[in-house]
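Colleague: Could we go through this one together? I'd like to start with how the terms are set.

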Amino acid sequence: QVGAESSPLTLRDVIDRHGGEIWYEREKAAHRAFFRFVLPAATPEDEPVVEERQVTGRPEYYDFDLFKFEDKSIDLDRKLSELTYTVFDTETTGLEPSNGDEIIQIGAARIVNNRLLRQETFDQIVDPERPLKPESIPIHGITEDMVRG
């Protein structure tokens with residue numbers, strides 16, 4: 001259970017679906033016990049080095065609820081690696097889109113057979129015609145000069 005939401009999936013279900021392993025270890029002498037699990041890592045492709053931003057926290061906003069998904073024609077038991085899908089991301093003028101912050105960047109990337117299709121990506125800066133809130137700039141790294149015009 002996560003918050004008020006619950007899922008019929010167990011940890012074992014998630015690990016099995018992603019080709020992982022789980023086991024129990026016990027150290028009698030130290031009076032300790034562990035559950036250990038391993039999930040396969042994706043092989044990263046060579047990407048340009050990007051300066052990392054140090055951020056202590058970032059609110060996340062979701063406009064969907066997969067635990068209450070009703071369309072039975074879609075197989076929710078398939079692994080992500082077996083699906084073709086598009087991932088979208090937006091950045092806004094501030095940290096509260098529900099309070100009127102506007103989109104300043106939208107990006108999308110298509111994933112097919114568990115691979116990022118670099119030729120099928122979209123990245124667009126948008127002029128919000130309003131100032132950016134200073135607290136958002138360290139999070140997304142987009143400046144007033146980048147969105148102007």
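Modeller: Buried means under 20% relative accessible area, exposed over 50%, and partly exposed in between, with a 1.4 Å probe and protein chains only. This is a predicted model, where local features need pLDDT of at least 70, side-chain atom pairs count only at pLDDT 80 or more, and totals for chains, interfaces and linings use all residues. Residues are numbered from 1 along each chain as its sequence is written, and side-chain values use heavy atoms, with hydrogens and water left out.

Colleague: Fine, so is Leu11 buried, exposed or partly exposed?

Modeller: Leu11 has a relative accessible area of 46%, so it is partly exposed. Leu11 is in helix H1, residues 11-17 (helices are DSSP runs of H or I with at least four residues, strands are runs of E with at least two, and both are numbered from the N terminus).

Colleague: Switching topic, where does Ser136 lie?

Modeller: Ser136 is in the loop that runs between strand S5 (115-125) and helix H2 (137-140), and it counts as buried because its relative accessibility is 0%.

Colleague: And which side chain does the Ser136 side chain make a polar contact with?

Modeller: That of His140, at 3.1 Å, where a polar contact is a pair of N or O atoms within 3.5 Å; within protein, one must be able to donate a hydrogen and the other to accept it, and residues adjacent in sequence count only if both atoms are side-chain atoms. A polar atom of the Ser136 side chain also lies 3.0 Å from the backbone oxygen of Thr93.

Colleague: What about Thr93, buried or exposed?

Modeller: Thr93 counts as buried, at 1% relative accessibility, and its side chain makes a polar contact with that of Asp101 at 3.4 Å.
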